[in-house]
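Hi,

Here's the structure I promised to send over. Have a look at it first, then read on for what turned up.

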Amino acid sequence: MLSIKNLSVHYGGIHALRGISLDVPAGKIVTLIGANGAGKSTTLNAIIGLVKAGSGSVNWNGKDLFGAKTKAIVESGIVLVPEGRRVFPNLTVDENLTLGAFARNDKAEIEADRQRIFGLFPRLRERHKQKAGTFSGGEQQMLAVGRALMSKPTVLMMDEPSLGLSPIFVGMIFDIIREINSTGVTVLLVEQNAKAALSVADTGYVMETGAISFSGSGQELLADDRVRRAYLGEG
Amino acid sequence: MNPGLINKKPSMSRNQILTFAAACAGLALLFVFDSTLDSFTLQIFKLCAINIILALSLNLINGFTGLFSLGHAGFMAVGAYTCAILTMSPEQKEVNYVLQPIVPWLAHIQLPFLPGLLIGGLFAGFIGWLLGVISLRLRDDYLAIATLGFSEIIRVLLTNAQTVTNGALGLKGLPRFTTMWWAWGSAIVITVFLVFLIKSSYGRAFKSIRDNEIAAESMGVDVFGMKVLSFTISSFLAGIAGGLLAHYLTTIDPKQFIFLKTFDILLIVVLGGVGSITGSVIAAIAVTISMEALRFLDGPLDLGFVATSGIPGLRMVFFSALLMVVVIYRQQGLMGKAEFSWDALARIGLLPRRGPKPGKGGL
């Protein structure tokens, strides 16, 4: 279980996270929804150590990860698919995947994982020698997810995986999230597409201006009036 | 089993044979050049090798790690001066340091060329590490300005440290250690080293930083550490090239290492392809030779409709124009980020797709 308590982040004078707390139980899908600038991405970046949090605690199965280096956090099994895909455009699919396994050194298993990911994304196998920059947005997102899986995560954090994708790819991405989760990987998902995210999630947290305003199971939130009005464009 | 003399042999072994043949041919060529070329042509040939090292080392930071650094002249200067001072004989030092004598602890040191060269490289690498730790928190233009400033600081220090570097007078009469074999031997060793470095996981980490720093960091790459490593290796190699250059020219002074020297190297890197070892090697040779071949442009010219009585520096105009054309029409340079490979040659039809006879592939 990944447990975040009172996490606080400042960007200069801006208080981006105002002491948020959330729990990500093992094997579940947890989603963070909210408007632009609510602090969703900051939360993920602070957990993985890309942004230094000012105070609070990040506890991972009893181990304190607050203030740890990104490399150490990735090695402990938490990995982030950053927002906006961010594949390595001048590197081939193979090289991108190999970099996903940067924190590992079990060669044989890395190769097995590569084949497993090719099974999950057959498009990547077909084009494994092609440069990632030549891919469409959806394909790059698949590569970004595949690359993250190469680090053999126990917790996969995804920042807006459906951003800017065609409806077909959005559907595929959420199918893949379910599939990854069914292999035992815990997923922490940040999404603008609240409806799709809440449909797959076990638990959802709603963020507003750097704080969590309320939470509940995915189904509860889908039925909640406040969520429907603010994020689902209904009622 | 006869390893692949008959049809359908795996392309791997064809490539190995080709590589071996090319290596032998290259070596033979060096022998021939060394014994037949006149001394002027041989000097230019040596300069090609030194420029290869310089271009490759700058390409390692700028092309492969994506750090816009302009401090190369400074690292060269450190390597050149260290190597020169360490290898000069005590008598030579007495002759050179006329304004003020050299500091006593350096006066009686005299090392052979190889240790001098390596210490020069290591010292440049150490300075590079130091500068890297300080300045690599900057990026893009800011890093370029910081490194440019650094290289000027080095030059000013060299000019003013009279008792160590002999100041603006420079050092003269250095032994001519940089033979064809030293120059090309170093260039070949360094090229091979870099090819393996780029293919290793370190090389992949460098390239991932170039492509996307945040993604690289979230994969667990130690971005800052890798940047410093790349910077240090590059400075080390620039220092080696500086040492070779010192004993090639046999005279050095601080003015040689003004920041314009960095731009000469940058020209080679950009023309060859930012992020291509092959491109840097080819462009280093081509630019070095054209610098000499175009020397007639500096002399009196008669184009029929206009005649000049010799404009010194006109050949540099040619390179400036060439650079502009490349930047406008072919930003990726000669090679882009591609590298030479036998398979690539086969793809564009310069080699049979499946070499039927290994003998045929020799040259």
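Before we start, one definition: two residues are in contact if their C-beta atoms, placed from the backbone, lie within 7 Å. Also keep in mind that this is a predicted model.

With that cut-off, 20 residues of chain A are in contact with 15 residues of chain B. On the chain A side, the elements giving two or more residues are α2 (70-75) and α3 (93-100) of chain A. That side is made up of 11 nonpolar, five polar and four charged residues.

Now for the sheet in chain A. Strands of a sheet pair through backbone hydrogen bonds, either parallel or antiparallel. Here you'll find an open sheet of six strands with mixed pairing, in the order β6-β7-β8-β3-β9-β10 (chain A). At the edges sit β6 (78-81) and β10 (211-217) of chain A, each pairing on one side only. From one strand to the next, the twist averages 20°.

Over in chain B, take a look at helix α2 (residues 39-64), which has 26 residues. α2(B) bends by about 30° at Leu58(B), and just after this helix Gly66(B) takes a positive phi of about 75°. α2(B) is also among the elements covering the buried residues of α14(B); those buried residues include Ile277(B), Val281(B) and Ile285(B).

Cheers

Key:
Residues numbered from 1 in each chain as written. Chains lettered and ligands numbered in written order. Predicted model: local features only at pLDDT ≥ 70, side-chain atom pairs only at ≥ 80, totals over all residues. Helix = DSSP H or I, 4+ residues; strand = E, 2+ residues; numbered from the N terminus. Expected span 1.5 Å × (residues − 1). Bend = angle between axes of the 7 residues up to and from the residue. Nonpolar A, V, L, I, M, F, W, Y, C, P; charged D, E, K, R; others polar. Buried ≥ 20, exposed ≤ 12 C-beta atoms within 10 Å, placed from the backbone. Pairing = 2+ DSSP bridges. Axes fitted to C-alpha atoms, helices over the stretch in contact; angles between N-to-C directions.
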